[in-house]
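Work through the exercises below with the sequence and the model open. Each task is followed by a solution in steps.

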Amino acid sequence: MDASGDARRPRAARPWARKAGPACAAAALALAMAAAPAAAHAPADPYPVVVVDCFSAAQVQPEEYILACGDGNNRLVGLHWRTWGTSTATATGTDMVNECRPDCAAGRFRPYPVTVTLSAPRPWPTHPGVQRFTVIRLLYTDTAPEPVDKDVTYKLVW
């Protein structure tokens with residue numbers, strides 16, 4: 001019997017619950033940002049702009065970010081954010097790219113050090129009042145994966 005006097009057995013820990021926490025937090029942040037009306041006298045939100053991930057979830061300073069949503073063969077990992085502002089956000093990290101040799105299923109992931117800059121915030125059409133970054137710039141600080149340039153910019157479409 002537990003301290004509450006309940007004779008039921010305690011539930012076993014669910015391994016998926018640890019993984020669901022960050023996703024739930026991001027969803028709560030997006031919902032709170034979309035639902036809360038902006039008062040004229042309210043202090044500025046410290047994270048007024050989000051980056052939207054492959055699952056249409058709002059992220060603020062994510063540690064990882066998938067670039068290739070279709071197959072996951074390109075992802076940013078170990079992101080350390082130096083800035084996260086209203087117009088840009090900058091981080092350093094590693095771009096893990098599948099070399100896809102002889103094919104992507106059998107390919108190995110190679111690390112490429114990179115500086116990441118998010119910019120061009122625009123309203124998120126499906127979340128009134130929320131701004132999302134729409135451009136990502138990758139500046140490879142050593143070599144870049146072939147045939148990519150060392151400085152490349154992509155539009156974020158989610």
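**Exercise 1.** Locate the disulfide of Cys-54 and describe its geometry and placement.

*Solution.* Step 1: Cys-54 pairs with Cys-69, with 1.7 Å between the sulfur atoms; a disulfide is here a pair of cysteine sulfur atoms within 2.5 Å. The model is predicted, so local features need pLDDT of at least 70 and side-chain atom pairs count only at pLDDT 80 or more, while totals for chains, interfaces and linings use all residues. Residues are numbered from 1 along each chain as its sequence is written, and side-chain values use heavy atoms, without hydrogens and water.

Step 2: The torsion about the S-S bond of Cys-54 and Cys-69 is about -75 degrees, so this disulfide is left-handed.

Step 3: Cys-54 sits in the loop between strand 1 (49–52) and strand 2, and Cys-69 in the loop between strand 3 and strand 4, so the bond ties together parts 15 residues apart in sequence. Strands are DSSP runs (E, at least two residues), numbered from the N terminus.

Step 4: Cys-54 has 23% relative accessibility and Cys-69 has 28%. Both residues count as partly exposed, the class between buried (under 20% relative accessible area) and exposed (over 50%), with a 1.4 Å probe and protein chains only.

**Exercise 2.** How many disulfides does the structure hold, and what is the pairing of the bonded cysteines in sequence order?

*Solution.* Step 1: There are two disulfides. Besides the pair of Cys-54 and Cys-69, Cys-100 bonds to Cys-104, with sulfur atoms 2.0 Å apart.

Step 2: The link of Cys-100 and Cys-104 is right-handed, with 100 degrees about the S-S bond.

Step 3: With the bonded cysteines numbered in sequence order, the pairing reads 1-2, 3-4.

**Exercise 3.** Find the salt bridges and state which parts of the chain they link.

*Solution.* Step 1: The whole structure contains three salt bridges, each defined by a side-chain nitrogen of Lys or Arg within 4 Å of a carboxyl oxygen of Asp or Glu.

Step 2: Glu-64 and Arg-75 form one of them, at 3.3 Å between the closest N and O atoms. Glu-64 lies in the loop between strand 2 (58–59) and strand 3 (65–66) and Arg-75 in strand 4 (residues 74–84), so parts eleven residues apart in sequence are tied together.

Step 3: Arg-110 bridges to Glu-99, with closest N and O atoms 2.9 Å apart. Arg-110 belongs to strand 6 (residues 109–123) and Glu-99 to the loop between strand 5 (89–98) and strand 6, so this pair also ties together parts eleven residues apart.

Step 4: Arg-137 and Asp-151 meet at 2.6 Å, N to O. Arg-137 is in strand 7 (residues 131–140) and Asp-151 in strand 8 (residues 151–155), 14 residues apart.

Notes
Helices (H or I, at least four residues) and strands (E, at least two) are DSSP runs, numbered from the N terminus.
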